[in-house]
Amino acid sequence: MIVTLDGPASSGKSLAARRLADRLGWPHLNTGAMYRAVTLAALERGVDLTDGAALAALAAAPELEFTPGSVRVFGRDPGPALRSRAVDESIKLVADCPAVRAVLVARQQAMAGEDLVTEGRDQGTIVFPAAALKIYLTASLATRARRRLGDVLRDRPGATLDEVMDDLARRDADDQGRAIGALRIAADAVQLHTDDLTPEEVTDRLVALVEAARAAAGGGR
Ligand code: C5P
């Protein structure tokens, strides 16, 4: 069964998707990491970020290895570089590029086995429109900024909550305004607001939704 988790930046998707996949014993695909890997590779190789064909060739290159649970760039685990400020600042050009999206969508679809928890922005709308369960995870801007501030402070001591809120609002606008692959709530998605939920409660709700979807499908697996 394919379970998609979409939602805005810092909505807690990655943690929720990882925990859900762990509880179910299923593979977990973080598609944001794929866009990050292409951006990092382009920065390392000096690829022109406005050259869509060159970016798409990089996205398709076997030197960028993607499996559920792991990303390798030129033969190595990129580690924290995937979430560096340089990547954050350049990723919009990569994620907005239709040719890159076409390549990565195909690579994501090719990774789907029988069971998968996949997270991103377009998983339920574009990549797996027939997914058995689609979840849209969200939280208020203030909650998301509070959750994110700790990470930002590690990188940038002195950062303020207001700055983080502005940055998230800009990312939301980018995600929603993208011509292809924009962040939208699929018509058949279940929405989960996580403002008042702990990560454990989010996981419990998601597991319950998967169980209900399995029962509805008659599989019982
Ligand atoms: O989820 P994360 O913040 O790591 O995503 C990194 C970037 O990749 C974001 O800018 C997001 O808009 C983009 N992205 C995307 N489509 C996806 C997943 C992420 O455009 N399916």
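How much accessible surface does the chain have, and what share of it belongs to carbon and sulfur atoms? The total comes to about 10400 Å², and 53% of that belongs to carbon and sulfur. Keep in mind that this is a predicted model. Here's a quick run through the rest.

**Fold and overall shape**
- You'll find nine helices and seven strands in the secondary structure of the chain.
- With a radius of gyration of 17 Å, close to the 17 Å that the globule rule gives for 221 residues, the chain is as compact as a globular protein of that length.

**Packing and contacts**
- Of the 221 residues in the chain, 47% are buried.
- Among contacts with a separation of 6 or more, 73% are between residues 24 or more positions apart.

**Charges**
- The chain carries 28 positive side chains and 31 negative ones.
- The centres of those two sets lie 1 Å apart.

**Backbone spots to look at**
- Ser10 isn't a glycine, yet its phi is positive, at about 60 degrees.
- Ser10 sits in the loop that runs between β1 (2-6) and α1 (13-24).
- Ser10 has 23% relative accessibility, so it counts as partly exposed, given that buried means under 20% and exposed means over 50%.
- Phe74 is another non-glycine residue with a positive phi, this one near 50 degrees.
- Phe74 belongs to the loop between β4 (70-73) and α4 (85-95).

Definitions and conventions
Residues are numbered from 1 along each chain as its sequence is written. This is a predicted model: local features need pLDDT of at least 70, side-chain atom pairs count only at pLDDT 80 or more; totals for chains, interfaces and linings use all residues. Side-chain values use heavy atoms; hydrogens and water are left out. Helices (H or I, at least four residues) and strands (E, at least two) are DSSP runs, numbered from the N terminus. The radius of gyration is taken over C-alpha atoms; the globule rule is 2.2 Å times the number of residues to the power 0.38. Buried means under 20% relative accessible area, exposed over 50%, partly exposed in between (1.4 Å probe, protein chains only). Contact means heavy atoms within 4.5 Å. Accessible areas come from the Shrake-Rupley method with a 1.4 Å probe; for residues, only the protein chains shown count as cover. Lys and Arg count as positive and Asp and Glu as negative; His and the chain ends are not counted. The place of a charge is taken as NZ of Lys, CZ of Arg, CG of Asp or CD of Glu.
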